[in-house]
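The sequence and structure come first.

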Amino acid sequence: MIKNLIFDFGKVLVDYDFMALLTGYFGEDTERLDQMCRLFLSPGFIDRCDREAVPFSEIIREEQKNHPELADGLQFFHDRYVDFVTGEVPGMKELLCRLKANGYRLYGLTNWNSVVHEVMRRYESIFGLLDGRVISSEEHFIKPEREIYECLCSRYGLDPSECLFADDKAVNVEGALKAGMNAVVFTDAARYINDLETYGVKTD
């Protein structure tokens, strides 16, 4: 029986749009925008920021040295990071309120650098509903590594078989399944409600 509902943050609880702000910053300088996007979308860069073995600001400084032609864009990315988050995912706050009222425990499990705390403060109305959380930049593990799922269960005394994890990335869902959790790929609130009902979770 499912007792614990676990949520990724980005694209599940809150949405984000990096391209809109970056396009606005670089304007007609499409060559540097393309360079920035290639760097930003490279798994090594994102994973390093999310793991944060060294502080996020230091990672940015190192990348500025490695890519001096993008130094200003990287600084913009650092300084305006919170503004890349565009708002709550429609329907999720209301759903979490209902789930919490029905007695389910709610947890967060996210790959995110330490700026996530500013995001959580800005969107406290939804993040405040969580009973606990594990953040990659604090543990220095990232999904889909097994250790980060086990960290959540150990910290809060959760039985993986009683957990249902939702993430927008299939690879992270697969990681949760390997760690013994139930897990679904998240697309939107309506689809997620259907998934919950499949697992016998009361949503109304």
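My entries on the salt bridges and the accessibility of their partners follow.

I note at the outset that this is a predicted model, in which local features need pLDDT of at least 70 and side-chain atom pairs count only at pLDDT 80 or more, while totals for chains, interfaces and linings use all residues. Residues are numbered from 1 along each chain as its sequence is written, and side-chain values use heavy atoms, with hydrogens and water left out.

I looked up Arg48 and found its side chain in a salt bridge with that of Glu63, at 3.9 Å from N to O. This pair links distant parts of the chain, since Arg48 sits in helix α3 (residues 43–51) and Glu63 in helix α4 (residues 56–66), 15 residues apart; I read helices as DSSP runs of H or I with at least four residues, numbered from the N terminus.

For accessibility I used relative accessible area with a 1.4 Å probe and protein chains only: buried is under 20%, exposed over 50%, and partly exposed in between. Arg48 is partly exposed at 32%, whereas Glu63 is buried at 10%.

I then turned to Glu88 and Lys93, which form a salt bridge with their closest N and O atoms 3.7 Å apart. Glu88 is partly exposed, with a relative accessible area of 25%, and Lys93 is partly exposed at 25%. Elsewhere, salt bridges that share partners join Asp8, Lys143 and Asp167 into one network.

Methods:
A salt bridge is a side-chain nitrogen of Lys or Arg within 4 Å of a carboxyl oxygen of Asp or Glu. Helices (H or I, at least four residues) and strands (E, at least two) are DSSP runs, numbered from the N terminus.
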